[in-house]
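Please look at the sequence and the model below, and keep both in view while reading.

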Amino acid sequence: MFDDFFTRALIAGIGISLVTGPLGCFVVWRRLSFFAGTLAHSALLGVTMALFFEINIAFSVFVISAVLAILLLQLQKKTKLPNDALLGLLAHASLAVGLVVIGFLTSIRFDVMALLFGDILAVNQNDLLVIWIGGGLILIILKLIWKPLFASTVNYELSEAEGMKPDKFNAIFTILTAALIAISIKIVGLLLITGMLIIPAATARNVSNNPKQMVIFSVIFGLISVLVGLFTSLKINSASGPSIITATLLLFILSLIKFKKVSDLKK
Amino acid sequence: MENKNNQILLKVENASFYLNDKALIKEVSLEIKQGEIVTLIGPNGSGKSTTAKIALGIYKKIEGRVKRFTERIGYVPQKVTVDWTLPIRVIDFMSLTEDLKNDQINVALNLTGVDHLKNKSLSNLSGGEFQRVLIARAIAKKPELLVLDEPVQGVDFKGEIALYELIKKISEKLNCGILLISHDLHVVMSATDFVICLNGHVCCSGKPQTVVQDKKYKELFGDRASNILSLYEHEHDHSHSADGSIDPKK
């Protein structure tokens, strides 16, 4: 019934949304949405580096994001600038450098639009492997570090005092976020990946009263958005990445109505 | 419990901590043994919480040495805020750093009088309720070392006494060492084994009876503070008389 490319798009989208759900919850809880956005912006530089040195795109994006994360930590220690200024600095500086480098890549045909907004319909089998194996690894690690990571999310000092080693697990979490951006950049694009992380989690918050529930709901909302977005994109011939994010927005609006009802009941 | 009473749980040796070149504490030493309650007192900004955080290893860049001889630690921080974005119930919070059985959670919440709040959202609790949950969480994991930073702030008067009694009882029952930070000189002087009076550095320290007679203590807290012990002992003799006649706060 479906063309082969569409089946691949579905499998890729489902794989991504399984990972963005739980990771997105932590991004929202830890107030890291701007941080995730910064890592995503640096992906442009990662992609151009990959083309320049002819290495794997996901790998290159991952390395650049990780370097950026370390750079941020150093800047936080060395300067007195507030966090949002530092993040803005890194996000746009890396974006600008990436765009400058693109200018030199005249010999390579390069679709900037696909990079910004994703091209889920051009996913090949290799991409599927990267998404499912990489995504699987991210989920397994997240499951293993759940307890200390969650404890440090609730209260850093408490978790440090009680031997949960928050610094270590915060660093692992940063690496996981960089890895997720690396594997999903081709699908949702660097401008929209933050939306995929945050909007389903924010939607889930409106209908949950405990952390595990919020994770489950954000996975479900992510899945629904991918399915609705992709089928819409096929039907009305809209761009796939933006269609998915628009679907997450619709779910968020629906959840507000439900949320309002619940809070009315509580009164 | 026989000989174990002497085992040292925590040792801070000449610890100093600087923030932006300003010394928050200077050359503070302390030691906590099993079954012992050590209390830090001192005016605001005297470095009580800082000392506790150094003892716990939260502040690592210090001069001096900190040795902890146990990993079973329960901590009640001075301030915990939980963001609305994080949906978390009391029951989820209870097993934050350790997996607990339902029974253990119930018992601990019952001890601090908040078992009815088990399924409530943390963000919906009142200040006093939240403190009780914090204490319950810290004791539920049966720690060997308990660090309590103003544990009863915002708790009503009756609850305050009950909670201090509970803390005393726990130190005996679990034979754990307790580092307590409190402004309630009344309680400190009656329920503590060892008092350390801080004002950036250790002003004076020793058994409560010794400290209240110390000149530096009197300088720091005023002459009236020395009467705390006699007031308390008086009250203790007539434990059923009304509290109204004694006002330690003035």
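L18(A) is found in helix 1 of chain A. The model that holds it is a predicted one. Is L18(A) buried or exposed? A residue counts as buried when 20 or more other C-beta atoms lie within 10 Å of its own. L18(A) has 20 other C-beta atoms within 10 Å, and therefore it is buried.

Which residues does L18(A) touch, once its neighbours within four places in sequence are left aside? They are G135(A), L139(A) and V219(A).

Next comes chain A as a whole. Its secondary structure consists of 11 helices and 0 strands, so that reading along the sequence gives α-α-α-α-α-α-α-α-α-α-α. Along the principal axes, the C-alpha atoms of chain A fill a box of roughly 60 × 50 × 30 Å. Of the 267 residues in this chain, 48% count as buried. Contacts in chain A between residues at least 6 apart in sequence can also be sorted by separation: 74% of them join residues at least 24 apart.

One pair of helices shows how such elements meet. Helix 3 of chain A covers residues 57-78 and helix 4 of chain A covers residues 83-104; their axes come within 11 Å and cross at roughly 145 degrees. The crossing of helix 3 of chain A with helix 4 of chain A is right-handed. Which residues make this contact? Helix 3 of chain A contributes L68(A), L71(A), L72(A), L75(A) and Q76(A), while helix 4 of chain A contributes N83(A), L86(A), L90(A) and S94(A). Sorted by class, this contact of helix 3 with helix 4 of chain A has 6 nonpolar, 3 polar and no charged residues.

Chain A also touches chain B. How many residues does each chain give to the contact? Chain A gives 20 residues and chain B gives 20 residues. On the side of chain A, the elements that give two or more residues are helix 1 (4-29), helix 6 (125-154), helix 7 (156-161) and helix 10 (211-236). Helix 7 of chain A gives the most, with 5 residues. The side of chain A that touches chain B has 9 nonpolar, 7 polar and 4 charged residues.

All 5 of its 5 residues are buried. Both faces of strand 6 of chain B are covered, with L145(B), V147(B) and D149(B) on one side and L146(B) and L148(B) on the other.

What does strand 6 of chain B pair with? Strand 5 (residues 73-76) of chain B pairs with strand 6 of chain B in the parallel sense, over 4 bridges. Strand 7 (residues 177-181) of chain B also runs parallel to strand 6 of chain B, and 5 bridges join the two. V147(B) in strand 6 of chain B stands opposite Y75(B), and its bridge partner in strand 7 of chain B is L179(B).

Definitions and conventions. Residues numbered from 1 in each chain as written. Chains lettered and ligands numbered in written order. Predicted model: local features only at pLDDT ≥ 70, side-chain atom pairs only at ≥ 80, totals over all residues. Axes fitted to C-alpha atoms, helices over the stretch in contact; angles between N-to-C directions. Left-handed = near helix turned anticlockwise from the far one by under 90°. Contact = placed C-beta atoms within 7 Å. Nonpolar A, V, L, I, M, F, W, Y, C, P; charged D, E, K, R; others polar. Buried ≥ 20, exposed ≤ 12 C-beta atoms within 10 Å, placed from the backbone. Pairing = 2+ DSSP bridges.
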